[in-house]
Amino acid sequence: MIGLDTVATPVGLLIGIVCGLIPLAAGIHYKQYRAGIAGFIACALTGFGCGLIGGLPMIVLTYAVVLSYAYVNRQDPFTSRAALTEVDFSETRVESIQRVLANIGTGIRRSFRALTRNKAGFLGFLGIAFFILVTTFGPLFIPYEGEAQMDRRQPGSRVLVAPPSWEHPLGLDWKGRDVLSHMVHGGQRLIITSIQAGLIATALAVVLGSAAGLLGGPIDTVISAVANFILTIPGFPLLIVLAAVVDFDSDFMLAVLFGVLNWPTLMRAVRAQVLSLRERDYVQAAFVLDLGLWHIISREVFPNMVSYITVNLIFTIRIAMYSIVGLTFLGMVPLRDPDWAVMIFTGRQQGVIFLPQAAGMLLSPIIAIALFQLSLVLFARSLEEIFNPRLRSGV
Amino acid sequence: MTPVIELRGVNRTFIKDRKPIPVLQDINLGIEENEIICLVGESGCGKTTTGKIISGLLQPSSGEMLFRGRPISSYDRKEQAVIRRQLQLVHQDPFASLNPAHTIGDILGFPLKRHRMVDGISGVRRRIWELLTMVDLTPPGDIVNKYPHQLSGGQRQRVSIARSLTVNPKLIVADEAVSMVDVSIRISLLKMLHELRERLGLTIVFITHDLALAKYFAWEGRIAVMYLGRIVEIGRTQDVIASPAHPYTRALLAAVPEADPDLTRHKQVLRLRSDDIPSLSDIPPGCAFHPRCPFHVPGLCDGVVPALGDGPGFSQQVACLPLQQGIPLVVNQTSTQNAGQHV
Ligand SMILES: Nc1ncnc2c1ncn2[C@@H]1O[C@H](COP(=O)(O)OP(=O)(O)OP(=O)(O)O)[C@@H](O)[C@H]1O
Ligand SMILES: [Mg+2]
């Protein structure tokens, strides 16, 4: 759905390289070699991982960054120290597009610098990037072992499961399959479904919360009533019951179900924020200037909530991941190999949970999930710095 | 000449605790083209509410607002949008009136683009510079890419004014526009407003609780004194200051400190009967000021609500029955309960 759920393919690599040529060429043209090469790598990687969906936007972003380096010394008349009579604002279409792109590039660089400034947040970012890279590109290097490997039974052992060894750094699972291959192949689905679930819940919360706050009246009453109703039902047990009733043919359905059950808390916070932002003087000024409702929502109110919303998005993704793992652990969703959560489930089901040799098989997914969660929490810290102009523009 | 804006019998009530509170009552006010008119009065008397009604942020509960002699509602939708744009508001708090998420260039650019005030992107950028130069923020290039939090209060207030100028307004309501900036910057801001008025033919509605400021700023203009949601005195500033008519205006003037100690010493002391402003939910009958008025005439002032009218010996209009009927104002000793209170 968001383009990450494609496994790296040779075609993707080709697309990525072709995309990467554009920032590279720009880098050479403007003599910004480092930026050009970094852009090439970024394009190649995203193209490799996600094909056109990843490669094309990346061209724009990396090209903008290269331009922003090239334009450092080019004086924009808009920010010159001259007097009004001395400057000429006329420019060609191309020049104005380049200027806008360079501004976007500067913004990206500033955000990135804000990201690296907070050590904990940057660590979280690296953690998330690590898991995404491993689950996207890992499958290229580590083949998936789906079949039971009976021949790996240790002499004298009654089970196939084995602790870590040189050949199998994370050990073998209950069917004698390499745990590392399952780790590499089995994380993407969980991560993607959690992100989807978080996005759906957050999107519902933002749309409904803004509508309730800005429109008020009966719409507000209905939305708040539904939210309160959902809030009174205990979420996870309901998810279990629904999971038993609804037949999930796709993970996306699970994400939707999670989203539908988890928007109310954030919705109420968004609504309260919109209500308070609506009374701000600058929003009133926008009304007096007749800038239109859409402008007021998207440019006046939303930018002041965006850091709050993204931090919440991160936490919703966390909760979604726990819920999905919980459901899988209880066996309430169709089990499909390979999957981190399914590894825990089968570990329990097959009774190897009590065997010391099974530590590799059980702890690997648990630690991976815990680390991913930790990365999310740490990353959330940086978001505030990225979105708050007070903190960002110190650059 | 027809006034640009005229309020006719405007009332405004707010609902508070399920009870209607009359915040404005029977406001009649004509504002001439290119004039400066000051609204003064104590906190809570409805100055901001009047300003918001003029700038279209609030609708009157009853009564109507006329633009160039015709009720606003009689214009078609498009014309109404244009009219609304021509009536702008500058807020009091320079820290709250600019969106912290946008640069100054963006803040000024939004209305310019939205209403196509100028052609093309280069036109917008040139206009932003022009506006910043107009409000003495120079060099403009230093300001355009800054965020509001990087500017001082005075600079922000100038940006606020520049923003209201983006849409070529006819009238600007400046609601306590200088009361939150440093005293040293006030004078230059006020001078700038004066210059803008002359250059652009603006009409300025200047709202303040400070009569000294009103006197300074609107010396060539008019003053309307408000008390508990009504205008009690209105006239040329010079007349109102030189010979205040309404007892409330006199009390306000008596409270203005003078720089000259001699003046202060010889100033007439006006003792109000009470310092407490009555609550809007419990407005006294008759003249709302009579429970505090040292000159009140029992049986006259507490009966009917006085309307604005001429008083013999005054060139301004005043809402005070004894004055209108030519009864000399004498301190009503018998009923002075709160003697010794100096306002
Ligand atoms: N939205 C509202 N809802 C309820 N009451 C309101 C509202 N706006 C204003 N009021 C009340 O109306 C009265 C007049 O308010 P207004 O802001 O017009 O006074 P003001 O003269 O500007 O005072 P100040 O000098 O303190 O700014 C106050 O008593 C206030 O509590
Ligand atoms: Mg006010």
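My entries below cover a ligand site and a cavity.

**Ground rules.** I am working from a predicted model, where local features need pLDDT of at least 70 and side-chain atom pairs pLDDT 80 or more, while totals for chains, interfaces and linings use all residues. Residues are numbered from 1 along each chain as written, chains are lettered from A and ligands numbered from 1 in written order, and side-chain values use heavy atoms, without hydrogens and water.

**Ligand 1.** I looked up who surrounds ligand 1 and found, among them, F14(B), K16(B), V23(B), E176(B) and L280(B). I noted that α1 (47-54) of chain B gives the most to this shell, three residues, and that β1 (5-16) of chain B supplies at least two. Helices (H or I, at least four residues) and strands (E, at least two) are DSSP runs numbered from the N terminus. I sorted the shell into four nonpolar, five polar and three charged residues.

Next I checked distances to oxygen atoms of the ligand. A polar side-chain atom lies 2.5 Å away for S43(B), and 2.5 Å away for T48(B). For G44(B), a backbone N or O atom sits at 2.8 Å.

**A cavity.** Which residues line the second largest cavity? I found residues of both chains, including Y282(A), L289(A), H102(B) and R163(B). α12 (281-288) of chain A and α3 (104-114) of chain B each supply at least two lining residues. By class, I wrote down eight nonpolar, two polar and two charged.

Terms used
A residue is near a molecule or strand if one of its heavy atoms lies within 4 Å of it. A polar contact is a pair of N or O atoms within 3.5 Å; within protein, one must be able to donate a hydrogen and the other to accept it, and residues adjacent in sequence count only if both atoms are side-chain atoms. Ala, Val, Leu, Ile, Met, Phe, Trp, Tyr, Cys and Pro count as nonpolar, Asp, Glu, Lys and Arg as charged, and the others, Gly among them, as polar. On a 1 Å grid over the protein atoms alone, a cavity is a set of points where a 1.4 Å probe fits but cannot get out, and a pocket is an open set with protein on both sides within 12 Å along at least five of seven lines; lining residues have an atom within 4 Å of a point.
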